[in-house]
Amino acid sequence: MRTSTFSLTSLPLFLLFFFFFFTLKAITAKNLIPETCKKCAQDDPNLSYKFCVTSLQAAPKSSTADVRQLGKISMNLILHNITSTRQHIKHLLKNTKLDKFLRASLEVCLELYSDAIPDIKKALRSYKAKQYRDANKRVTGVYDAPVTCEDGFHEREGLVSPLTKRNNDAVQLSAIALSIIHMLGSLGFKLI
């Protein structure tokens, strides 16, 4: 009679290894977000470590993600932020009593955010296809949209931007994505 290599006595050893491997992987994944954010915040002075950790940890599936998946998650967060901000701007523009300069600034922001939506979608497609140079270029364009939007409000002294927090969030989310793209480049992934 032939005995199986995998006997009942091997089962506890296999289960122990299985449990240890997946526990180790979970610990590593749990530490990956803080470590990634530490590197991102070091690379970009516009990025808050706390914002990075909070944003990535709030995303579904981030706790089991690798660095590449965190990049994808960060771009999806950008898309959500930009789409939401665009809707918020449309809502603000419904106010018929807006100051002319404020209205003009909001209209510029609406155009910038509207243009950023297809850019971040293309960046995400490029990223998924490992075309990191194109993804980098497109995320950089998205990064510029909230900066330009916010700058428009500061052209008139005393005007307060109603979009400062949203613009800052879009800048920081873009900084996370750009930093991760650069990390992948330094890990040997080509920025083609």
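## Buried positions in helix α5

In α5, the buried residues are Tyr-132, Ala-135, Asn-136, Val-139, Val-142, Tyr-143, Ala-145, Pro-146, Cys-149, Glu-150, Gly-152 and Phe-153, where buried stands for a relative accessible area under 20%, exposed for over 50% and partly exposed for values in between, with a 1.4 Å probe and protein chains only. The model is a predicted one, in which local features need pLDDT of at least 70 and side-chain atom pairs count only at pLDDT 80 or more, whereas totals for chains, interfaces and linings use all residues. Residues are numbered from 1 along each chain as its sequence is written, and side-chain values use heavy atoms, with hydrogens and water left out.

Helices are DSSP runs of H or I with at least four residues, strands are runs of E with at least two, and both are numbered from the N terminus. Helix α5 covers residues 132-153, and its 22 residues should span 32 Å at 1.5 Å a residue, which agrees with the 33 Å between its end C-alpha atoms; the expected span is 1.5 Å times one less than the number of residues.

Val-171 is found in helix α6, which comprises residues 164-186, and it counts as buried because its relative accessibility is 10%. Although Val-171 and Ala-145 are separated by 26 residues in sequence, their C-alpha atoms are 8.6 Å apart in space. When neighbours within four places in sequence are left aside, Val-171 is in contact (heavy atoms within 4.5 Å) with Asn-46, Tyr-143, Pro-146 and Val-147.

With bonded cysteines counted along the chain, the disulfides follow the pattern 1-2, 3-4.

The torsion about its S-S bond is about -75°, so the disulfide of Cys-37 and Cys-52 is left-handed. Cys-37 has a relative accessibility of 0% and therefore counts as buried, and Cys-52, at 0% relative accessibility, counts as buried as well.

Another disulfide joins Cys-109 to Cys-149, with an S to S distance of 2.0 Å. Because Cys-109 lies in helix α4 (residues 100-128) and Cys-149 in helix α5, the pair ties together parts that are 40 residues apart in sequence. The link of Cys-109 and Cys-149 is right-handed, with 100° about the S-S bond, and both cysteines are buried.

## Salt bridges

A salt bridge requires a side-chain nitrogen of Lys or Arg within 4 Å of a carboxyl oxygen of Asp or Glu, and by this rule the count comes to 6 salt bridges. The table lists some of them.

| Side chains | N to O distance |
|---|---|
| Asp-43 and Lys-39 | 3.1 Å |
| Arg-156 and Asp-99 | 2.8 Å |
| Arg-138 and Asp-119 | 3.7 Å |

Asp-43 and Lys-39 both lie in helix α1, 4 residues apart, which is about one turn of the helix. Asp-43 is partly exposed, with a relative accessible area of 42%, and Lys-39 is partly exposed at 36%.

The salt bridge between the side chains of Arg-156 and Asp-99 has its partners in loops: Arg-156 lies in the loop between α5 and α6 and Asp-99 in the loop between α3 (67-93) and α4, so the pair ties together parts that are 57 residues apart in sequence. Arg-156 counts as partly exposed at 35% relative accessibility, and Asp-99 is partly exposed with a relative accessible area of 33%.

The salt bridge of Arg-138 and Asp-119 links distant parts of the chain, with Arg-138 in helix α5 and Asp-119 in helix α4, 19 residues apart. Arg-138 is partly exposed, with a relative accessible area of 22%, and Asp-119 counts as partly exposed at 25% relative accessibility. Salt bridges that share partners join Asp-119, Asp-134, Lys-137 and Arg-138 into one network.

Technical notes:
Disulfide = S-S within 2.5 Å.
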